[in-house]
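Student: I've got a structure open on my screen and I'd like to learn how to read it. Could you walk me through it?

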Amino acid sequence: MGMIEKYINRVCRFAIGITLITAVLNSCTVTLAASNHKKTHRSAESDMVLIKGNFNTPLFKKPGEKSSQYVKSFYIDVHAVTNEQFLKFVKANPEWRRSNVKRIFADKNYLKKWLDDLIPGEKVNPLSPVVNVSWFAANAYCKWVNKRLLTVGEWELASSGNFLPGSKSIINTNDKLIKWYSRGMPNQINSIMSTGRNSFGVYDMFGLVREWTYDFSDMNINGVAICGAGSSGATELTNYPAFLRYGFRSSLNARSTLPNLGFRCARDLTQN
Amino acid sequence: MKKYLFICYAALLFLGSYFGIVKKSLPDNSGLKDNLSISNVRTTPDGVTIPDSNVCCKTIKAGKYSSESIYQLNSQWHDQDNRKITLGKFENKRVILAMIYATCQSACPVIVNDMKTIESAIPADKINDYRFILVTIDPSRDKPSELKKYAAAKNLDSGRWTLLNGSENDVMQLAMMLGFKYSKNADSSFTHSSLISFLNKKGEIKYQNEGLVLDTGVISQAIASINKN
């Protein structure tokens with residue numbers, strides 16, 4: 001066997017070796033990538049739970065409407081959007097950074113507690129709900145993750161789940177809830193999933209922050225005066241916390257940002 | 001010698017075809033492939049890559065408009081001739097805008113009538129500076145062809161009047177900007193504000209009239225407010 005043949009022999013063996021190794025490595029990478037891809041999809045799903053369609057009684061009736069309104073099944077985020085999550089959104093969408101946001105989309109207190117555009121800072125808990133965000137910002141965030149804001153009806157339905165036995169919720173009675181609603185603006189907001197989970201598997205519907213809804217400015221929420229004559233059109237006069245929520249919503253403007261107002265997202269069943 | 005060459009060739013062939021297969025084996029809708037070739041994809045916080053076709057964040061761009069301009073809402077709309085337009089098209093015109101729906105029997109015809117009164121109050125030599133916009137709050141029923149019929153029935157000059165159809169979320173965003181409130185009733189009619197907004201050349205809201213039937217004092221005050229700059 002001449003030198004050339006020996007040489008070719010070596011090169012070929014080497015080539016085959018490399019081919020096999022690359023093939024094995026590649027198939028691993030591809031499988032990993034594929035499973036990761038599935039996982040991220042799943043984790044996006046697993047952050048949500050299904051709320052089965054049911055009748056919700058809106059506080060105020062619309063003309064010609066029954067006192068109960070059917071809310072279709074939907075998925076809901078189990079917790080509010082956190083500072084950490086919102087940071088990813090502003091990183092990817094420069095127009096939503098504090099120094100870039102247009103006044104028509106958010107008032108001057110937008111992300112007020114953050115140190116800088118892309119630095120929430122040490123005083124901001126990455127795992128607490130993002131607050132000081134406007135309706136426009138919340139709406140854009142939910143769209144960005146292929147979701148949407150909850151309607152008022154959906155929010156009320158999801159919050160109607162009973163607290164689970166043994167749940168550490170501090171707010172399990174109307175009295176306590178009213179106390180919470182009447183509290184001033186908090187200095188520090190606790191982490192998500194710290195105030196208890198209801199029977200739907202949804203965390204912190206009460207006790208952490210208030211939340212934006214898609215149709216908070218609905219004619220029948222805003223158009224009817226909350227006090228006096230307005231309440232005579234209400235369907236459930238004893239649900240005082242609901243009055244407080246409606247009153248709060250009607251005081252908002254889509255560009256308002258408040259230190260106790262965050263949001264979570266929802267998704268339709270039909271959307272994948 | 002020939003044997004080795006053959007093995008070599010087979011190895012290369014294997015290598016080549018393997019990568020060919022790898023490329024094909026990625027699911028079409030995974031977005032991973034698009035990531036390589038198409039630039040308009042985005043990555044969600046969960047690491048999912050999705051094509052950025054459905055409006056969202058792209059529609060709200062830091063633009064040339066003033067911070068208070070409704071033209072910051074850079075979404076796509078269709079006019080009554082089914083032409084795609086963005087609201088920024090009306091920059092440098094003085095705009096009178098209302099949100100209505102075509103099948104509305106009570107308030108909307110009055111609002112449109114009010115806008116026609118405003119139109120007739122503007123001197124003929126100035127009228128080309130003004131545009132009149134009606135945005136439907138019922139986009140699923142008020143398709144551009146329906147809006148065209150509506151404009152014809154109301155005898156609206158198509159050179160000055162634009163009737164817009166947009167996505168449900170864009171309509172909501174515009175309504176939120178204007179402070180216009182609406183909600184759909186069980187019988188698919190709407191409860192809504194009666195609101196006419198007056199925008200200056202920059203697209204900033206300078207005057208709003210809530211309620212029906214304008215008097216001439218209000219009209220001249222409103223027009224003056226958008227003529228300033």
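This is a predicted model: local features need pLDDT of at least 70, side-chain atom pairs count only at pLDDT 80 or more; totals for chains, interfaces and linings use all residues.

Student: Which elements of chain A have the lowest and the highest mean pLDDT?

Tutor: Helix α7(A), residues 229–232, has the lowest at 39, while α3(A) has the highest at 97. Residues 33–46 of chain A are below 50, and that stretch makes 10 contacts in the model beyond near neighbours in sequence. Residues 221–232 of chain A are also below 50, with 26 such contacts in the model.

Student: How do I read a nonpolar core, and which residues have the most contacts inside the largest one?

Tutor: In soluble globular proteins, nonpolar side chains tend to be buried together. Here the largest nonpolar core has 92 residues, and F86(A) and F263(A) have the most contacts inside it. Helix α3(A), residues 135–144, gives the largest share of this core, with 8 residues. Apart from it there's another core, of 18 residues, including I51(A), V78(A), W155(A) and A158(A).

Student: Which residues does F86(A) touch, leaving out those up to four places away in sequence?

Tutor: F86(A) touches V81(A), Y110(A), L111(A), W114(A), V130(A), V133(A), A137(A), Y141(A) and F263(A).

Student: What lines the second largest cavity?

Tutor: Among its lining residues are W155(A), W180(A), Y181(A), M205(A), E211(A), R245(A) and F248(A). By type, the lining divides into 6 nonpolar, 1 polar and 4 charged residues. α5, β6 and α8 of chain A each supply at least two lining residues, and α8(A) gives the largest share, 3 residues.

Student: Last one: where does A92(A) lie, and why is A92(A) called partly exposed?

Tutor: A92(A) lies in helix α2(A), residues 83–92. Partly exposed covers what falls between the buried cut-off, under 20%, and the exposed one, over 50%, so A92(A) gets that label because its relative accessible area is 42%. For a sense of distance, A92(A) and R183(A) are 91 residues apart along the chain, and their C-alpha atoms are separated by 35 Å.

Key
Residues are numbered from 1 along each chain as its sequence is written. Chains are lettered from A and ligands numbered from 1 in the order in which they are written. Side-chain values use heavy atoms; hydrogens and water are left out. On a 1 Å grid over the protein atoms alone, a cavity is a set of points where a 1.4 Å probe fits but cannot get out, and a pocket is an open set with protein on both sides within 12 Å along at least five of seven lines; lining residues have an atom within 4 Å of a point. Helices (H or I, at least four residues) and strands (E, at least two) are DSSP runs, numbered from the N terminus. Ala, Val, Leu, Ile, Met, Phe, Trp, Tyr, Cys and Pro count as nonpolar, Asp, Glu, Lys and Arg as charged, and the others, Gly among them, as polar. A nonpolar core is a set of buried Ala, Val, Leu, Ile, Met, Phe, Trp, Tyr and Cys residues joined through side-chain atoms within 4.5 Å. Buried means under 20% relative accessible area, exposed over 50%, partly exposed in between (1.4 Å probe, protein chains only). Contact means heavy atoms within 4.5 Å. pLDDT is the predictor's confidence in each residue, from 0 to 100.
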